[in-house]
Amino acid sequence: MSKIILTGDRPTGKLHLGHYVGSLKRRVELQNSGEFDKIFIMIADAQALTDNADNPQKIRDNIIEVALDYMACGLDPAKSTLFIQSQIPELCELSFYYMNLVTVSRLQRNPTVKAEIQMRNFETTIPVGFFTYPISQAADITAFKATTVPVGEDQMPMLEQTKEIVHKFNAVYGETLVEPAILLPGNQACMRLPGIDGKAKMSKSLGNCIYLSEEADDIRKKVMSMFTDPGHLRIEDPGKLEGNTVFTYLDAFCKDEHFERYLPEYANLDELKAHYKRGGLGDVKVKKLLNNVLQEELEPIRNRRKELQKDIPYVYEVLKKGSETAREAAALTLSEVRASMKINYFEDEALIRSQADKYAK
Ligand code: TRP
């Protein structure tokens with residue numbers, strides 16, 4: 001069986017470090033591993049509209065931002081198909097059929113939907129399209145016969161829902177759809193990168209992000225303002241690592257080689273942590289290390305983005321070509337789905353003959 005990746009993001013803003021460690025960095029590694037037959041990376045504008053229906057301009061403007069971030073990180077249109085969800089009408093058709101296989105109570109139990117309903121104060125005014133977006137996400141994944149879906153931990157319930165739909169569909173209509181596997185970040189800190197304020201996860205609406213396109217000086221300012229251990233007042237005081245955002249970021253980004261370059265008096269992060277816990281290590285020193293590590297990671301991304309920004313029509317052309325390729329793949333699956341569901345009337349000679357026979361008697 002071919003190995004196929006599908007994943008994507010909602011275009012509601014520029015991408016940040018949470019997106020990067022949660023999924024984006026991994027995607028680029030997977031792309032360059034050469035282990036996959038096809039890679040589809042989707043800008044999920046239709047899904048973004050399920051809770052932004054009154055603000056289409058925001059979604060429209062952010063398509064290019066997400067595309068620039070993707071390509072700046074190393075997603076390469078020669079190796080990965082970058083496309084826009086709304087340009088694939090087959091996804092709507094697929095969602096429509098899947099809706100018959102999912103109950104309202106099952107959707108109400110989806111933990112991601114539950115959390116998002118709360119976050120958006122949607123308790124009584126939830127749009128139907130938003131409520132059913134897990135079904136549309138199952139369509140996104142299955143339309144491309146994805147075997148592997150690299151996403152953040154928050155998407156786990158979406159994958160569960162997708163698997164259920166695949167099983168149900170195959171049980172009712174015969175083996176047609178491919179069951180996908182989720183691919184989570186390898187390291188705990190990457191699973192749920194907190195915002196620079198240490199609160200919850202990094203999110204645009206909380207204003208606690210470091211963006212991939214951020215200028216060097218702004219990165220430095222944000223790192224220097226990061227939440228650490230509020231009880232660590234003097235350098236001599238022992239410090240806590242739990243809930244200490246600077247250390248969580250170091251867990252996500254720092255490698256031993258960084259110490260050689262920036263803090264040769266320590267061999268690795270474990271030594272630095274031990275010193276911090278003992279006392280005698282100030283926050284500023286740790287923050288300076290993190291700043292160096294982040295600058296090293298983000299500088300090439302920012303520079304590539306600036307290059308890409310000089311030729312915006314090219315980026316749109318990439319998305320247009322990608323959407324055409326993606327549409328062909330989805331259409332192929334759709335024709336199989338239609339055959340399994342027995343709604344392929346005009347392609348089914350046997351059907352026409354048997355109905356003719358019935359009336360010929
Ligand atoms: N729900 C994802 C997000 O909020 C975006 C998305 C839409 C997606 N369809 C998908 C991710 C299919 C993986 C697979 O970021």
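Predicted model: local features only at pLDDT ≥ 70, side-chain atom pairs only at ≥ 80, totals over all residues.
1. Residues are numbered from 1 along each chain as its sequence is written, and side-chain values use heavy atoms, with hydrogens and water left out.

2. The side chain of Gln47 has an N or O atom 2.8 Å from a nitrogen atom of the ligand. For Gln137, a polar side-chain atom lies 3.0 Å from a ligand nitrogen atom, and for Arg10 an N or O atom of the side chain is 3.2 Å from an oxygen atom of the ligand. A polar contact here is a pair of N or O atoms within 3.5 Å. The protein covers 91% of the 370 Å² of accessible area that the ligand has on its own (Shrake-Rupley method, 1.4 Å probe).

3. Which elements build the shell around the ligand? Helices are DSSP runs (H or I) of at least four residues, and strands (E) of at least two.

4. The ligand takes up the space of the largest pocket, which holds about 1,500 Å³. Among its 49 lining residues, His19, Glu116, Asp154, Gln155 and Lys201 are the closest to its centre. On a 1 Å grid over the protein atoms alone, a pocket is an open set of points with protein on both sides within 12 Å along at least five of seven lines, and lining residues have an atom within 4 Å of a point. The lining divides into 18 nonpolar, 17 polar and 14 charged residues.

5. Do look at the second largest pocket too, with about 280 Å³ of space. Its lining has 16 residues, and Ala46, Thr50, Cys92, Ser95 and Ser136 lie nearest the centre. Helix H2 (45–49), helix H4 (90–98) and H8 each supply at least two lining residues, with H8 giving the most, four. Seven of the lining residues are nonpolar, eight polar and one charged.

Definitions and conventions: Polar contact = N/O pair within 3.5 Å; in protein donor to acceptor, adjacent residues only side chain to side chain. 1 Å grid on protein atoms, 1.4 Å probe; cavity = no way out; pocket = protein on both sides within 12 Å on 5 of 7 lines; lining within 4 Å. Sits in = over half its atoms within 2 Å of the grid points. Points joined across faces, edges and corners; volume = space filled by probe spheres on them. Nonpolar A, V, L, I, M, F, W, Y, C, P; charged D, E, K, R; others polar.
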